[in-house]
Amino acid sequence: MHGRPRPLVARTRERHAQIHERIERGDSLRAIARELHLSRGTVLRFARAADVQQLLGAATDRPSMVDDYRLYLHHRWMEGCTNAAALTREIQQLGYRGDVNTSAATCGPTAPGRSRWMPLCPIY
């Protein structure tokens, strides 16, 4: 992964550590849920996960709405079109159902000074 960790990944790692620390301390799942302002089901899911990777697999491998359009976006970027709104309109004509905020956000982390439309994804 390039750049800083996604907020979901960082939050998942932190919650997993917090919950397992409290379990080792002997706290009940209900007490942990109350203290961390989480549902008991969420605490139970984190408690059952022996390591954080079990929780992250589903979160980080989830497909995004823009996946089917990444190659097209890459080609358009290389042709010089760097306007996110224009690129979004183009992929909407191809069937993309998200908006400019969704498409820019799902392109992934970017290096300093790069547009959100030049993501550091494997196909780039």
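R70 is buried, at a relative accessible area of 12% in this predicted model. R70 belongs to helix α5, and its side chain is in polar contact with the side chain of D67, at 3.0 Å.

**Helix α5**

R70 is one of the buried residues of α5, along with L73, H74, R76 and W77. Viewed down the axis of α5, these buried residues fall within an arc of 165 degrees, so they line one face of the helix. The partner in packing is α6, against which the buried residues of α5 are placed. After α5 comes G80, with a positive phi near 110 degrees.

**The aromatic pair**

Searching the whole structure gives one aromatic pair. The pair consists of Y69 and Y96 in an edge-to-face arrangement, with 5.6 Å from centre to centre and 75 degrees between the planes. Distant parts of the chain are linked by this pair: Y69 lies in the loop between α4 (52-60) and α5 (70-78), Y96 in the loop between α6 (84-93) and α7 (100-105), and the two are 27 residues apart. Y69 counts as buried because its relative accessibility, 14%, is under the 20% cut-off. Y96 is buried too, with a relative accessible area of 4%.

**Helix α1**

The 19 residues of α1 should span 27 Å at 1.5 Å a residue, and the end C-alpha atoms are 27 Å apart, which agrees. Buried in α1 are V9, T12, H16, I19, H20 and R22. They cover an arc of only 165 degrees around the axis, so they sit on the same side of α1. The face turned away from that buried side carries P7, E21 and R25, which are exposed. Just after α1, G26 has a positive phi of about 100 degrees.

**Helix α2**

Helix α2 covers residues 29-36, and I32, A33 and L36 are buried in it. Seen down the axis of α2, its buried residues fall within an arc of 100 degrees, so one face of the helix is lined by them. R30 and R34, on the other side of α2, are exposed. The cover over the buried residues of α2 includes α1 (7-25) and α3 (40-48).

| Helix | Residue after it | Phi |
|---|---|---|
| α1 | G26 | about 100 degrees |
| α5 | G80 | near 110 degrees |

In soluble globular proteins, nonpolar side chains tend to be buried together. The largest nonpolar core here has nine residues, namely I19, I32, A33, L36, L38, V43, F46, A49 and L55. At least two residues of this core come from each of α2 and α3. The most is given by α2, with three residues. A second, separate core has eight residues, including V66, Y69, L87 and Y96. Both members of the aromatic pair, Y69 and Y96, are thus found among the residues of the second core.

Technical notes: Residues numbered from 1 in each chain as written. Predicted model: local features only at pLDDT ≥ 70, side-chain atom pairs only at ≥ 80, totals over all residues. Heavy atoms only, no water. Phe/Tyr/Trp six-rings, centres within 6.5 Å; stacked < 30°, edge-to-face > 60°. Helix = DSSP H or I, 4+ residues; strand = E, 2+ residues; numbered from the N terminus. Buried < 20%, exposed > 50% of the residue type's maximum accessible area, 1.4 Å probe, protein only. Polar contact = N/O pair within 3.5 Å; in protein donor to acceptor, adjacent residues only side chain to side chain. Arc of directions from axis to C-beta. Contact = heavy atoms within 4.5 Å. Core = buried A, V, L, I, M, F, W, Y, C linked by side-chain atoms within 4.5 Å. Expected span 1.5 Å × (residues − 1).
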